[in-house]
Amino acid sequence: LNGRSNGAVRSTCSQHGNVIVTGNSENYHGVINIGGVTGLNPYGTDGYNNNGNIYVSGNHGSLYIGGLQGYVHAFKGKNSQINGVNRGNIFVGYDENENAVATTLVKSPKIGGLVGWTLNHLTDATNYGNIKINVISTSTDAEIYVSGGVAYAQKVGSAALANDFLNLTNHGNITIEGTTGTKAWNIGGVLGYAYNTSTQKNLENNGDILVHFTNAGTAHVRVGGVAHGIRRAIDGAVNNGDITVRGKVGSVDSANKRVGSLYIGGIIATPNGYDRINMTNNGNILVDATVSVDCFLGGISYDAANGNGTVFKNCHNTGNIEVTKNSLVKGNAAIGGLIGKYPTANELKIFDACSNSGNISYAGKSNGSTNIGSLFGYLSYSVNSTTKEKEPAYLVVRNGFVNTGNITHTGTTD
């Protein structure tokens with residue numbers, strides 16, 4: 001609707017036209033902001049519906065894509081909330097006939113079903129559109145962020161202006177295919193990465209996530225059913241979508257060193273040390289891939305996050321976790337009904353009224369250790385600098401921990 005807006009867009013109208021971007025950015029310079037409503041906006045939209053598709057192909061540098069807005073570059077406090085619905089699909093690496101087109105992305109693009117990149121709030125918004133990405137290659141320094149809601153959010157300024165993300169729902173599927181030489185793919189059902197934000201509450205993902213690389217280059221792959229990473233507390237998150245990773249993750253770099261690991265959480269991939277309350281994962285996790293280094297999987301999160309005193313309260317997993325017999329993990333594997341691994345032994349974590357009823361099945365091959373548990377896959381330890389003795393992880397379990405899921409291990413370890 002608007003290439004650039006200097007004021008809030010407020011309308012009850014619906015937008016039905018498609019946005020088509022082709023060609024190349026010269027030497028990958030410049031910025032392209034693409035949105036079904038606005039490409040670049042210092043404010044927000046209120047009650048706006050987008051029904052048009054977005055098609056992007058070619059070779060591009062900085063790229064910000066959102067079903068409603070591509071890039072929201074200024075913050076105006078809580079009066080700048082974005083309310084709306086996106087029903088349009090986003091295709092990257094495809095033409096308007098949905099034929100695959102050779103596409104190269106560099107400089108850490110942000111692709112969101114609602115918003116690509118924002119300093120703003122987002123409240124009562126829903127995405128129904130699918131995201132489909134087919135990338136031939138990317139920069140080895142780039143981290144790509146993809147989400148059914150907001151791909152990347154960042155706070156700038158005082159804590160009072162930090163973003164709130166409330167009552168957000170994604171129904172769209174995310175499909176990422178092709179080959180890539182990028183540093184990392186960071187994928188979340190509702191939020192990609194929320195950096196130093198304020199409040200995350202009532203987030204729901206109902207879309208499936210599929211990642212399939214035929215040659216993943218040096219890429220790490222991090223996937224969360226609701227979010228890749230959030231550097232603040234969450235109260236209320238549900239994932240009903242399945243997560244599937246196939247093909248290859250990682251490779252060998254120029255120094256002949258294996259690089260590239262796989263991290264998956266049913267709710268959140270990278271928790272970053274803040275409380276997690278009222279979270280439920282009902283989606284299944286399936287890995288059918290060769291992973292160059294480590295593979296950490298958890299029904300809630302792949303790890304318990306750094307941060308002393310972190311609380312996990314009313315966190316439940318009902319989804320199954322499966323690593324197929326065709327899979328090869330060249331490093332270590334850690335799989336837990338709630339948490340894949342416990343990263344820092346000398347920090348206290350509290351688990352209050354949590355449960356797992358999902359089944360865990362590991363039939364793959366690992367060149368390192370394989371660790372599986374109904375709560376944690378792996379509990380780490382630290383070494384006392386004075387006594388040189390190993391010190392165990394510190395954790396508190398309140399109001400019981402109930403597991404009714406089965407664990408099956410038929411894999412092999414070299």
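**View 1. Surroundings of Ser 261 in the predicted model.** The side chain of Ser 261 places a polar atom 3.1 Å from the backbone nitrogen of Asp 294, a polar contact being a pair of N or O atoms within 3.5 Å in which, within protein, one must be able to donate a hydrogen and the other to accept it, while residues adjacent in sequence count only if both atoms are side-chain atoms. This is a predicted model, in which local features need pLDDT of at least 70 and side-chain atom pairs count only at pLDDT 80 or more, whereas totals for chains, interfaces and linings use all residues. Residues are numbered from 1 along each chain as its sequence is written, and side-chain values use heavy atoms, with hydrogens and water left out. Ser 261 is found in the loop between β33 (258-259) and β34 (262-265), where helices (H or I, at least four residues) and strands (E, at least two) are DSSP runs numbered from the N terminus. With a relative accessibility of 3%, Ser 261 counts as buried; buried means under 20% relative accessible area, exposed over 50%, and partly exposed in between, for a 1.4 Å probe and protein chains only. Neighbours within four places in sequence aside, the residues in contact with Ser 261 (heavy atoms within 4.5 Å) include Ala 219, His 220, Val 249, Val 293 and Asp 294.

View 2. Thr 244 is found in strand β31 (residues 243-249) and counts as buried at 15% relative accessibility. Not counting residues up to four places away in sequence, Thr 244 touches Ile 209, Leu 210, Val 211 and Leu 286. Strand β27 (residues 209-215) runs parallel to β31 and is joined to it by five bridges, two strands being paired if DSSP finds at least two bridges between them; Val 211 has Val 245 as its bridge partner in β31. The pairing of β31 with β37 is also parallel and extends over seven bridges, with Thr 290 in β37 as the bridge partner of Lys 248.

**View 3. The largest nonpolar core.** This core has 43 residues, and Ile 65, Ile 133, Val 146, Trp 185, Ile 187, Leu 262 and Ile 264 are those with the most contacts inside it; a nonpolar core is a set of buried Ala, Val, Leu, Ile, Met, Phe, Trp, Tyr and Cys residues joined through side-chain atoms within 4.5 Å. Strand β37 (residues 285-291) gives the most to this core, with four residues. A second, separate core of 35 residues includes Leu 68, Leu 203, Cys 315 and Leu 375.

**View 4. Aromatic pairs.** The structure holds 13 aromatic pairs, counted for rings of Phe, Tyr and Trp (its six-membered ring) whose centres lie within 6.5 Å, with planes under 30 degrees apart counted as stacked, over 60 as edge-to-face and the rest as tilted. Tyr 145 and Tyr 152 form an edge-to-face pair, 5.0 Å centre to centre and with 80° between the planes; Tyr 145 is buried at 10% relative accessible area, and Tyr 152 is buried at 13%. The rings of Phe 296 and Tyr 302 have centres 6.4 Å apart and planes at 5°, so this pair is stacked, and both residues are buried.

**View 5. Positive phi at two asparagines.** Asn 278, in strand β36 (residues 276-281), has a positive phi near 55° and is partly exposed at 35% relative accessibility. Asn 399, in strand β52 (residues 394-403), also has a positive phi, of about 55°, and is exposed with a relative accessible area of 67%.
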